[in-house]
Amino acid sequence: MASLKPMPVMTDISRPFWQGLSEGEIRIQQCNQCEGWVFFPRRHCSHCLAHDLEWRPVSGRGTLYSFTLARVPTLPEFADEMPQALAVVELEQGVRINTTLVGLAEDEIRVGMELKAVLDQVDAKGTTLLRFTGADKALESMPYVSPLDALARNAKGQVQVPVDNAAALQALVSDDFTDWSSPLEVDQALIDSFAELSGDDYWIHTDPARAARESPFGSTIAHGSLVQVLQSRLSFALPFEITGFSTMVNYGSDRLRFPAPVPAGSSIHARARVKSVQQSRKGTALTLEVNIHVVGNDRPSVINDLVILYR
């Protein structure tokens, strides 16, 4: 499940910092030559220029060096945080970090006040941001709360997501696939029927005797387009239902690949995940990545990034 807000980009240099936050630890670099602390992440010491830095955990205690209260969102996605307390915090180690303050009333914020770190998990994957609050506050962390949790479910147990609920739509984006559908056999008769309908009667699909002699697959294989079309007969259970739209149309595919053949007589099954959700004047475009495999094969036979447009 993804966050609607833009997230920091993890680089090779900064990776230990972000990984530390996701593991509940604040890590910054310290030079092994001069013992100076370094932030932002880099390859050399900002004090002595030595290329001998090591990531070490710190407490996250510090003081407020500077702040501003933003009453106009820096981006539309941050409208729910208004006023946004943008701050520069000086850690005990002497380095300064750009961040935001949480859990403080406006009249409590003052330059020089003592602060402590708050780890804010912003998505189900564990992405964690570093924020700060007053040292005397009880707030220690901000666990992720999925916007899907408060939504109703239908009789099938699917969470019902209104098409105008942007945060809930983004929470559907996931690296996790559904369970497999029931299998479907792709026999020679089905392949021949598709060949007659489409006009594609190339021997590798329709001549079992020649395919046994000359095909690298040892048999006839199904047309890639046929396997793609059979997706409609492979019922995988999506964990959600989109509601509140007037029309739903198949808008096409962002990507369509046929990485592995489907030999005649094979059984296929499918699974899917929400790859992205984008909202525009045209409507809400949900990209569903559908993978179709021959049962028992790790490599997919079809990868289809199917775009469904809701209006």
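Predicted model: local features only at pLDDT ≥ 70, side-chain atom pairs only at ≥ 80, totals over all residues.
Helix 3 covers residues 188-198, and I listed its buried residues as Gln-188, Ile-191, Phe-194 and Ala-195. Viewed down the helix axis, these buried residues fall within an arc of 125 degrees, so they line one face of helix 3.

Next I asked what the buried residues of helix 3 pack against.

I moved on to the loops. Which peptide bond is cis, with omega near 20 degrees? I noted that it is the bond from Phe-39 to Phe-40. I placed Phe-40 in the loop that runs between strand 2 (37-38) and strand 3 (53-58).

Leu-49 also lies in the loop between strand 2 and strand 3. I recorded a positive phi of about 70 degrees for Leu-49, although this residue is not a glycine. Is Leu-49 buried or exposed? I found Leu-49 exposed, at a relative accessible area of 55%.

My last entry concerns Glu-35, in the loop between strand 1 (26-31) and strand 2. Glu-35 is a residue other than glycine, yet its phi is positive, near 65 degrees. I noted a relative accessible area of 57% for Glu-35, which is exposed.

How values were computed
Residues numbered from 1 in each chain as written. Heavy atoms only, no water. Buried < 20%, exposed > 50% of the residue type's maximum accessible area, 1.4 Å probe, protein only. Helix = DSSP H or I, 4+ residues; strand = E, 2+ residues; numbered from the N terminus. Arc of directions from axis to C-beta. Contact = heavy atoms within 4.5 Å.
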